[in-house]
Amino acid sequence: MQGLMQDWPLTVDKILDHAKAWHGGREVVSRSVEGPIVRTTYAAIHERAKRVSNALKALGVAPGDRVATLAWNTGRHIEAWYGIMGIGAVCHTLNPRLFAEQLVYIINHADDRVIFTDLTFLPILAAIRDQIPGVKHFVVLSDEAHLGDQLPGALAYETLIEQASADVAWGGFDENTAAGLCYTSGTTGNPKGVLYSHRSNFLHTLVTMGGDVLGIRATDTVLPVVPMFHANAWGLAFSAPAVGAKLVMPGQKLDGASVHELLETEGVTFSAAVPTVWQMLLQHLRATKGQLTTLKRVVIGGSAVPESIVRGFRDEFGVDVTHAWGMTETSPLGTQATPNAAIAAMDDETQLQFKLKQGRAPLGIELKLVDDAEKDLPHDGSTFGRLKVAGPFVVGQYFKSEGGNILDDAGFFDTGDVATLDEHGFMQITDRAKDVIKSGGEWISSIEIENIAAGHPKAELAAVIGVAHPKWDERPLLLVKLKAGETSTKEEFLQFLEGKIAKWWTPDDVAFVEDIPLGATGKIDKKLIRDRMKDYVLPTAAASVGGAVALAASPEPKIYAPEHSDHDDGAWLEWTPSPHQTLDRTQSQVQSGAKLQSPEAPADAVGPFRRS
Ligand code: AMP
């Protein structure tokens, strides 16, 4: 027997309709790409988004066509999103931090017909234009005065929508219609497209509005630093209008001073970003003795949040941190570390340990942990295995079936993350499957070591990779970027780790570097680090093959950031050895040889997923 309730398709245009109807006067404030702060409202955004729809129709865009955006978080970007999705076209968010070849591949693979672009990215598009012949129109998210001649034939957004009518019907199609397309960063193989549906985005929005998830309300002022081009700004461009929160869009300025300015001048109560952004903000606040007078809560995800950030926010600024985990394939929010009743009753320090985990699943996300033989593993907080997910906003297959069948027999998607689950259902990522360090048949979590190392007061960033070792297969190497003006020694860092990790996890060497390269999504680019360190020989490895010759042949560790075009914000500097790193090589190895003992596999280990 069927239920007899209304058929009300879950399409995202209804979100902006709702915002206009019930929160029409609520502000949307943007730091525009042209510079000035621009103020508008949900009602005005709704009207202009409708004009975008008509403009697209006039350009020949039909339902199902892909329309790309290459843009920062601004009110105009939101208008473009809803204008595209409202008529059943697919909004393809392009990540400007990708290399030009990757952008070409993605644009052609998606078969984008139109690209909305910010002024910032005109040089990139001008350079690749000849290689993306399927793109018929470029729309520059600005006015005629700023259009310039970098991209001949490009249309000015303001003129385009001024000429279009706001009278257009949105929705009216099946809720399973595709709404958005976002490619994974493609660290292995070609980037793969995740094709969201209206239904999946709508359900994700409802779930993330929950008090234990993002928990934003009509009274909140929300600043999504996390970009709309990476995992949909964690759904905030849907959930903020859905609840009627004021929205503050940071444009292209994501440095500590600019973010702080917006937080204070706009009275932001809630914000979301990756750890690097918060690291920059905290450093800025400390350097300038700045305060956070309105901010109450930040959600941090994308990579593991270091303890120092949680403590910094809590103890110095009275801001609560919620750690969250997710991925492009999960729309993206998968888990969040909000306490359950048992955890809420614990003392602050114990609660903090749960905050550092990636958290628990909301309704709509199923999680399981399996070993390499697909056997379910216990939720004991220490056994780690492959993390798999299922749910109505989890990917079922990639766009154009790239990668074939990606679900197991039970319909679960393998996240590629390695994790533990504890008795409270709190998940903790211990590594990416490809980054886990395999030492003597056991697994070492590179992330766990680097999180602790990053908490050293002198450390700005830390990365751990596995380096080949003749006896143990791989051993950990810790790379540390020190805060400006600091000096340190390998021993200082190894002592800092002592007692916090199993002894056999202790890195075999510490290299001080001037920069740790970040990938296109702002995460530590371990693939690049590994690639550049491929000739590096661990002192312990050299010792075990009889030393001096191998040592002399071993180059200084040197890491290069990806070659980057000048549209970037300077986070991709080439790394060169710092003065304290160009120590006399022999001396440094003598020191490390004296300090380090050969690693021993844990006596109680029973298999690759068991950690001591
Ligand atoms: P992306 O699809 O680019 O957002 O990347 C998703 C991946 O980022 C996940 O599979 C994790 O490996 C990593 N990730 C996301 N959030 C966290 C987190 N809170 N802690 C550790 N890793 C994370």
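Author: Let us begin with handedness: a crossing is left-handed if the near helix is turned anticlockwise from the far one by less than a right angle, and right-handed if clockwise. In this model, which is predicted, the crossing of H11 and H12 is left-handed. Helix H11 covers residues 275-288 and helix H12 covers residues 307-317, and the two pack at an angle of about 40 degrees with their axes 10 Å apart.

Reader: Which residues of H11 and H12 make the contact?

Author: From H11 come Pro275, Trp278, Gln279, Leu281, Leu282, Leu285 and Arg286, while H12 supplies Ile309, Gly312, Phe313, Glu316 and Phe317.

Reader: In what order do the strands of the open sheet lie?

Author: The four strands follow the order E16-E17-E18-E19, and their pairing is antiparallel. Strand E16 (366-370) and strand E19 (427-432) are the edge strands, each pairing on one side only. Between them in the order, E17 (residues 385-390) and E18 (residues 413-421) pair over four bridges, and Val389 stands opposite Phe413 in E18.

Reader: Is Thr208 buried or exposed?

Author: A residue counts as buried under 20% relative accessible area; Thr208 has a value of 1%, and therefore it is buried. Thr208 lies in helix H8 (residues 198-208), and, leaving aside residues up to four places away in sequence, Thr208 touches Val213, Leu214, Gly215, Ser239 and Leu333.

Notes:
Residues numbered from 1 in each chain as written. Predicted model: local features only at pLDDT ≥ 70, side-chain atom pairs only at ≥ 80, totals over all residues. Heavy atoms only, no water. Axes fitted to C-alpha atoms, helices over the stretch in contact; angles between N-to-C directions. Contact = heavy atoms within 4.5 Å. Pairing = 2+ DSSP bridges. Buried < 20%, exposed > 50% of the residue type's maximum accessible area, 1.4 Å probe, protein only.
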